[in-house]
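User: I have a structure open beside its sequence, and I would like to learn how to read its features one at a time. Could we go through it together?

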Amino acid sequence: MANFGRILGIDVGGKRVGIARTDLLRTVANTVATFSPEDSFIEVERQIKEEGPVIAIVVGWPLTPDGEPTNATQMAQEYYNHLKKRYRDIEIHKMDERYSTKQAMDAMKEAGVSRKRREKKGRLDQAAAALILQQFLEAYPEL
């Protein structure tokens, strides 16, 4: 396995951005929190400087069930472009996030999270970010 280092997972939304991260061995994804789009860039910077090393960032890529871009794809593209420009030494990846929100909701239900807690703003966004990141880890175990 490569050197120690975390991978960050990001679920970009218009009002909220969910952030997750792996452990240093990159075996599991855990939620961090949910932020406004502006504050999320501050948190990504904090994760890199204080919680790193960060070797990669994965941005959830919104697509329709048929694999076509959605209204949210442009927003994710702009977020991705910002990260690519800002962090030239960190790999930035896109990960298909179709169904991640529904899967995150289902996982929270299965885990016994109450409806009130599931509906709390941001909880679903963090869970979706962790799910996107976990799927990325499983798809690219060599990282």
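User: Leaving aside its neighbours within four places in sequence, which residues is Leu 83 in contact with?

Analyst: This is a predicted model, and what follows should be read with that in mind. Leaving aside neighbours within four places in sequence, Leu 83 is in contact with Ile 10, Phe 41, Val 44, Ile 57, Val 59 and Ile 92. Leu 83 also belongs to the largest nonpolar core, which has 19 residues, and together with Ile 10, Val 44 and Ile 57 it touches the most other members. The elements that give two or more residues to this core are β1, β2, α1, β4 and α2.

User: Which residues are among those of the other core that lies apart from it?

Analyst: Ala 20, Ala 56, Ala 130 and Leu 137 are among the 13 residues of that other core.

User: How should I read a strand such as β1, and which way do its residues point?

Analyst: In a regular strand, side chains alternate between the two faces of the sheet. In β1, Arg 6, Leu 8, Ile 10 and Val 12 point one way, while Ile 7, Gly 9 and Asp 11 point the other way, and all of them are buried. Because seven of the seven residues of β1 (residues 6-12) are buried, the strand is largely enclosed by the rest of the structure.

User: Which strands is β1 joined to, and do they run parallel or antiparallel?

Analyst: On the one hand, five bridges join β1 to β4 (residues 54-61), and these two strands run parallel; Gly 9 stands opposite Val 58 in that pairing. On the other hand, five bridges join β1 to β2 (residues 17-22), where the strands run antiparallel, with Leu 8 opposite Arg 21. β1 and β2 form a hairpin, with four residues between them.

User: What span should the 15 residues of α1 have, and how far apart are its end C-alpha atoms?

Analyst: At 1.5 Å a residue the helix should span 21 Å, and its end C-alpha atoms are 20 Å apart, which agrees. The buried residues of α1 are Pro 37, Ser 40, Glu 43, Val 44, Glu 45, Gln 47 and Ile 48, and what covers them includes β1, β2, β3, β4 and α2.

User: How many aromatic pairs does a search of the whole structure find, and how do I judge their geometry?

Analyst: The search finds three aromatic pairs, and the angle between the ring planes is what sets the label, with planes under 30 degrees apart counting as stacked. The rings of Phe 41 and Tyr 79 have their centres 4.3 Å apart and their planes at 20 degrees, so this pair is stacked. The pair links distant parts of the chain, since Phe 41 is in α1 (residues 37-51) and Tyr 79 is in α2 (residues 73-86), 38 residues apart. Phe 41 is partly exposed, with a relative accessible area of 25%, whereas Tyr 79 is buried at 4%. Phe 136 and Tyr 140 form a tilted pair, 4.8 Å from centre to centre and with 40 degrees between the planes. Of these two, Phe 136 counts as buried at 2% relative accessibility, and Tyr 140 counts as partly exposed at 37%.

User: Where does the charged end of Lys 94 sit?

Analyst: The charged end of Lys 94 sits over the ring of Trp 61, 4.3 Å from its centre. Lys 94 also lies over the face of Tyr 80, at 4.6 Å from the ring centre.

User: Is Glu 97 buried or exposed, and what does it touch?

Analyst: Glu 97 lies in the loop between β5 (91-96) and α3 (100-110), and at 12% relative accessibility it counts as buried, because the cut-off for buried is under 20%. Not counting residues up to four places away in sequence, Glu 97 touches Asp 11, Gly 60, Trp 61, Pro 62 and Ile 132.

User: Which residues does a cis peptide bond join, and which residue has a positive phi although it is not a glycine?

Analyst: The cis peptide bond joins Gly 52 and Pro 53, with omega about 5 degrees, and Pro 53 has its place in the loop between α1 and β4. The residue with a positive phi, about 60 degrees, is Arg 26. Arg 26 is found in the loop between β2 and β3 and is buried, with a relative accessible area of 6%.

Definitions and conventions: Residues are numbered from 1 along each chain as its sequence is written. This is a predicted model: local features need pLDDT of at least 70, side-chain atom pairs count only at pLDDT 80 or more; totals for chains, interfaces and linings use all residues. Side-chain values use heavy atoms; hydrogens and water are left out. Buried means under 20% relative accessible area, exposed over 50%, partly exposed in between (1.4 Å probe, protein chains only). Two strands pair if DSSP finds at least two bridges between them. Rings of Phe, Tyr and Trp (its six-membered ring) pair if their centres lie within 6.5 Å; planes under 30 degrees apart count as stacked, over 60 as edge-to-face and the rest as tilted. A charge sits over a ring if NZ of Lys or CZ of Arg is within 6 Å of the ring centre and within 35 degrees of the ring normal. The expected span of a helix is 1.5 Å times one less than its number of residues. Contact means heavy atoms within 4.5 Å. A nonpolar core is a set of buried Ala, Val, Leu, Ile, Met, Phe, Trp, Tyr and Cys residues joined through side-chain atoms within 4.5 Å.
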